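Here are my notes on this structure, written as numbered points. Keep the model open beside you and check each point as you read.

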Amino acid sequence: MVRTRQTMIVPSLLLFVMHCVVSCTSSGSPLLVRAALEPNTACASADEVEAGGAPRVCIDDGCLVGTLRDGMAGDQFEAFLGIPFAQPPVGELRFADPLPNGPWYEQLYNASYERDMCLQRNDLLPNPPVTGSEDCLYLNVYRPKECDDRTNLPVIVYIHGGGFFSGTASSLIVGPEYILDTKRAILVTVQYRLGVLGFLSTGDTAAPGNFGLKDQTLALRWVKRNIRRFGGNEQLITIVGQSAGATSVHMHMISPLSRGLFERAIMMSGNSLVPWNIPTKDPLALARSTAMVVDVMGADRLSGKQLVAALRDIPGEKLVGNVHKLKLWSVDPLTLFRPVVEPKDSPNPFLTEEPKVSWRNGNYQQVPYLAGFVPNEGAIRALSIFKDATLFGELQRNFSTILPILLEQPPSKALTEKMRTRFLNDTTDDEPVRQDNLQGFVDLYSEAAFIYPVQLGVRQYITAADTDRAPASVYKLSYKGRYSYSAIYAGGDTSDYGVVHCDDLNYLFRQPAIFPDYPAGAPELKMVDTFVNFFIDFAINGRATPLAPVRECRNENQVYQSLDCDVQEFVRVGDDVQVKVLNARNEEMFAFWKDFY
């Protein structure tokens, strides 16, 4: 492979920066600024600001004072940070549905600084610490300076990824500058409970589960109710997510709780059909195992209600910091705590049947949606295994046991043999995987965990949905820039491993905690301009802008045996961005994976 130099923050420094995202953003002014405001005070216009030029917006709960941020193009935009949309999920609200935050009528809310990300342990990083806070249900709103309550801009709500166990809405990772520089949209970024705190379930009403997804729904309700005061159009909300965020977006299309809260959906590298979103079959058993690793006595005999009571007494840091002991191999399965099908007597269910059943049967909200993926999605796991001699040796010696864990499939001889034949150049029983099989293993994981389920979702949608009213579109981002997440997955190795999972985020958000800014005139900035406006155009029009001749995904009262939809592929040609058409009818891939799904 061609070796290239990349300037970026390698894992050890990334850990420091992520710690700073947690600890440093909590400093600053007191939570509330005293003011003599009466309930229902008229909202100040965009140019009526507090001393020092700070922007102010009033909503039904009270008035917020934000801050001005510098864009990348020279203009400033307004940021309202750390807005509470729910009560802190602590005490009796741990392992409970979120409750709306109360008003602050007699005070100005200080929305000039970010709040903590949700408590988490990111197993994808080396020696990960437990970082964040349980008091984390906040969102950020960014708008152009020219906005007021009459502007009526489209609204993009971004749900971060991280496998449901990590991630943040911080502008150090999800920088709003590229989107705000266009002055064409308002951006909202949302935090939600993660891991054991967001997705533990007892399988009964004691802890029905899906709390992280319900947090997102409550945030969407907040946006629907309040975004017009920021200059947004509450009838033109697009939810966007990447990886587990994309899975979340797909789940909101399915969930009855989220009906009517958005009009468009964009899924980057994921959907609800991915194997790491298969609902936990026995959540009570997992809850008991969780209690055991944090030293709850007699956990194997406790009822759901007793388990919840006991786990509420465990410090959050201890709880989050010990559940990795339940992993089957290395850090796998990556997503240990995940969505569940809630019990029939759950009072407020987010998910009432398996997502694959809902999607196959058309039990979802039909809205225009855009699905995307990158070529080497599977590098997120393959690189860390192949670059670790111990892990690779274990995989080589125990291939038939470890591969099913990675793919979340039942062990079978047929599985391992077919995988070896298709992806690993007919390796032998004695040496089922070799170091020169890296790209094949990346392809294997890419198709299994991302590309096949993403395209399967589109195929099933166009056979059931009204695609004239709610079309589906697909993109593939193959543009190779100077920065790549592969250096993180490969432990600092900056060799060229292609376009990997999360690399498309480089062209949607500024990420100062991970990568340096592109220098002025950098060719990557053309990709930024193309990609950002591609998303905003979709948010406005409900269809992907045809940057190259494509056929739409259409349903003409027949069930297609192949995906009747061409993919717009973004590629780099010299210093320019080129969009070409990729034939999406990969029947070989569909024929192979249907036996395993």
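**Notes on the fold**

1. Start at a turn in the chain. Ser243 lies in the loop between strand 10 and helix 5. Ser243 has a positive phi of about 60 degrees, although it is not a glycine. Its relative accessibility is 8%, so Ser243 counts as buried. Buried means under 20% relative accessible area, exposed means over 50%, and partly exposed is in between (1.4 Å probe, protein chains only).

2. A word on the basis. This is a predicted model, in which local features need pLDDT of at least 70 and side-chain atom pairs count only at pLDDT 80 or more, while totals for chains, interfaces and linings use all residues. Residues are numbered from 1 along each chain as its sequence is written, and side-chain values use heavy atoms, with hydrogens and water left out.

3. Now the overall count. The chain has 17 helices and 15 strands. Both are DSSP runs numbered from the N terminus: helices are H or I with at least four residues, strands are E with at least two. Of the 597 residues, 63% count as buried. Take the contacts in the chain with a separation of 6 or more: residues 24 or more positions apart account for 75% of them. Contact means heavy atoms within 4.5 Å.

4. 11 strands form an open sheet, in the order 4-5-7-9-8-10-11-12-13-14-15, with mixed pairing. The edges are strand 4 (67-70) and strand 15 (576-583), each of which pairs on one side only. Neighbouring strands of this sheet are turned by 25 degrees against each other on average, direction ignored. Two strands pair if DSSP finds at least two bridges between them.

5. Look inside that sheet. Strand 10 (residues 232-242) and strand 11 (residues 264-268) pair in the parallel sense over 5 bridges. Gly241 stands opposite Met267 in strand 11. Helix 5 (residues 244-254) lies across strand 8 (153-159), strand 10, strand 11 and strand 12 (369-373). Helix 5 runs at about 130 degrees to strand 10. Axes are lines fitted to C-alpha atoms, for helices over the stretch in contact, and angles run from 0 to 180 degrees between N-to-C directions. Helix 14 (residues 438-464) lies across strand 12 and strand 13 (472-477), at about 155 degrees to strand 12.

6. Leaving aside neighbours within four places in sequence, its contacts include Ile186, Val188, Val223 and Leu236. The C-alpha atoms of Val155 and Ile540 are separated by 9.0 Å, though these residues are 385 apart along the chain.

7. Turn to the helix packing. Helix 10 and helix 11 pack at an angle of about 100 degrees, with their axes 6 Å apart. The two helices are therefore roughly perpendicular to each other (65 to 115 degrees; under 35 counts as roughly parallel, over 145 as roughly antiparallel, and the rest as oblique). Ser384, Ile385 and Phe386 in helix 10 meet Leu391, Phe392 and Leu395 in helix 11. By class, this contact has 5 nonpolar, 1 polar and no charged residues. Ala, Val, Leu, Ile, Met, Phe, Trp, Tyr, Cys and Pro count as nonpolar, Asp, Glu, Lys and Arg as charged, and the others, Gly among them, as polar.

8. Stay with helix 11 (residues 389-397). Its buried residues are Leu391, Phe392, Gly393 and Leu395. They pack against helix 10 (379-386), helix 12 (399-407) and helix 14. At the start of helix 11, a side-chain oxygen of Asp388 reaches to within 2.9 Å of the backbone nitrogen of Thr390.

9. Check the hairpin. A hairpin joins strand 2 to strand 3 through 2 residues. The two strands run antiparallel, with 4 bridges. Val57 stands opposite Leu64, and Cys58 opposite Cys63. Both faces of strand 2 (residues 56-59) are covered: Arg56 and Cys58 on one side, Val57 and Ile59 on the other, are all buried.

10. Last, two backbone details. The peptide bond from Asp332 to Pro333 is cis, with omega near -5 degrees. Asn127 has phi near 45 degrees, a positive value in a residue other than glycine. Asn127 is exposed, with a relative accessible area of 74%.

Notes:
Polar contact = N/O pair within 3.5 Å; in protein donor to acceptor, adjacent residues only side chain to side chain.
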